[in-house]
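Keep the structure open beside you as you read.

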Amino acid sequence: MTLFEKIFELAKKLSKAITEDKDLRDVDAANIFSDEAIKHIKQHLSEEEIKKNLELLNKIDKENGWKEIENRISQDGKVKN
């Protein structure tokens with residue numbers, strides 16, 4: 001099972017618990033993720049990491065990026081070298 005499939009499985013369990021008005025702490029997630037996957041998820045979803053990634057995203061000049069892409073595409077839809 002891929003990491004995405006595991007996350008989707010956990011989301012299904014959480015949504016079921018919510019709709020059945022159960023305590024979310026009772027959702028058994030222990031068998032879904034390996035210890036390594038849990039460490040990876042916690043590392044990349046920490047508040048500090050999210051702030052860092054948002055800062056990097058805000059530094060990207062999206063307008064100039066799209067202009068550059070448009071300039072590389074010719075009128076007939078072919079990409080210029």
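Predicted model: local features only at pLDDT ≥ 70, side-chain atom pairs only at ≥ 80, totals over all residues.

L54 lies in helix 3, which covers residues 47-59.

Is E49 buried or exposed? At 18% relative accessibility, E49 counts as buried, because the cut-off for buried is under 20%. If you leave aside the neighbours within four places in sequence, E49 is in contact with Q43 and H44.

E49 has a charged partner too: its side chain meets that of K52 in a salt bridge, at 3.8 Å from N to O. K52 is partly exposed, at 44% relative accessibility, whereas E49 is buried at 18%.

Salt bridges turn up elsewhere in the model, and a search of the whole structure finds six.

| Salt bridge | N to O distance |
|---|---|
| E9 and K12 | 3.5 Å |
| K52 and E49 | 3.8 Å |
| E68 and R72 | 3.6 Å |

Take the E9 and K12 pair. These residues sit three apart in helix 1 (residues 3-19), which means that about one helical turn lies between them. E9 is partly exposed, with a relative accessible area of 28%, and K12 is partly exposed as well, at 41%.

The E68 and R72 pair belongs to helix 4 (residues 62-72), where the two are four residues apart and so separated by about one helical turn. E68 counts as partly exposed at 46% relative accessibility; for R72 the relative accessible area is 46%, and R72 is partly exposed too.

Now step back to the whole chain. It holds four helices and zero strands, and reads α-α-α-α along the sequence. How much of the chain is buried? Buried residues make up 10% of its 81 residues, and E49 is one of the buried residues. The chain exposes about 7,700 Å², with carbon and sulfur atoms supplying 54% of that area.

Methods
Residues numbered from 1 in each chain as written. Heavy atoms only, no water. Buried < 20%, exposed > 50% of the residue type's maximum accessible area, 1.4 Å probe, protein only. Contact = heavy atoms within 4.5 Å. Areas by Shrake-Rupley, 256 points an atom, 1.4 Å probe, with all protein chains shown as cover. Salt bridge = Lys/Arg side-chain N within 4 Å of Asp/Glu carboxyl O.
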